[in-house]
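Trainee: I have a model open and want to learn to read it. Where do we begin?

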Amino acid sequence: MTHEFKTPISTLLVAAEALKKNDSNPGGDRVQRYAQIIQDESLRLKTHVEQILKVAMVESARNNIERQEVNAINLLQMVEEQFKTRLENSGARFELLTELPKDLTLNGDKNHLSNALFNLLDNALKYGGEHVQIRLRAWLKSGQLILEVSDNGPGIPKAVQGMIFEKFYRVSTGNRHDIKGFGLGLSYVKQIVRLHGGQITLRSKEGEGAVFTIKLKPNTP
């Protein structure tokens, strides 16, 4: 379903970009204007499709968890590679810090776990401002696998921290209208963490960034 929706949208975007770059088109400014409309509306449609698919992903996650042995470091490196692509053309800085044994594993769904971590990183990028510094850190403590996503962005007001994991809740972004979404990201993250027998907590102060901490049970050697 993802492929069927996204392929024609991608084709429209490529075609619009080609029209905009072709100076020899008859019609000149009018073609440029129409090409820009096609591009803008295609991007808007792409955003809506991604959000609809995310709704479906949240609703069906409980029945689609495929448990297998997942290497923790490989999981983190996969998320890092995905997020580096997202960082292109942004002024953000990102680092991955891990103190885990190379052979540490956990039982879970690699795709859902990576999506959950990516959602946290993506939120830090979207809400953190132009030059946000984002960190993904992992270590073992008292027999638990600790995964921490932190940033130095504007933080989350204390008054709303108890609601951010609720479905469809979105923190107000003031005058910023470029942040799109249905408020499903953190609800999805919490659901995935719970389905893996873990916990997620938030620590934040306004003006001092936010820290999301996930605790999971790793496999014992």
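Predicted model: local features only at pLDDT ≥ 70, side-chain atom pairs only at ≥ 80, totals over all residues.

Trainee: What span should helix 4 have at 1.5 Å a residue?

Mentor: Helices are DSSP runs (H or I, at least four residues), numbered from the N terminus. The expected span is 1.5 Å times one less than the number of residues. Helix 4 covers residues 110–127, so its 18 residues should span 26 Å. Its end C-alpha atoms are 26 Å apart, which agrees.

Trainee: Which residue caps the N-terminal end of helix 4?

Mentor: Look for a polar contact: a pair of N or O atoms within 3.5 Å, where, within protein, one must be able to donate a hydrogen and the other to accept it; residues adjacent in sequence count only if both atoms are side-chain atoms. Here Asp 109 is the cap, with a side-chain oxygen 3.1 Å from the backbone nitrogen of Asn 111. After helix 4 comes Gly 129, with a positive phi near 95°.

Trainee: How many residues of helix 5 are buried?

Mentor: Buried means under 20% relative accessible area, exposed over 50%, partly exposed in between (1.4 Å probe, protein chains only). In helix 5, residues 185–195, nine of 11 are buried. Among them are Tyr 188 and Ile 192.

Trainee: Is Leu 19 buried, exposed or partly exposed?

Mentor: Leu 19 is partly exposed, at 33% relative accessible area. Leu 19 sits in helix 1, residues 2–21.

Terms used:
Residues numbered from 1 in each chain as written. Heavy atoms only, no water. Helix = DSSP H or I, 4+ residues; strand = E, 2+ residues; numbered from the N terminus.
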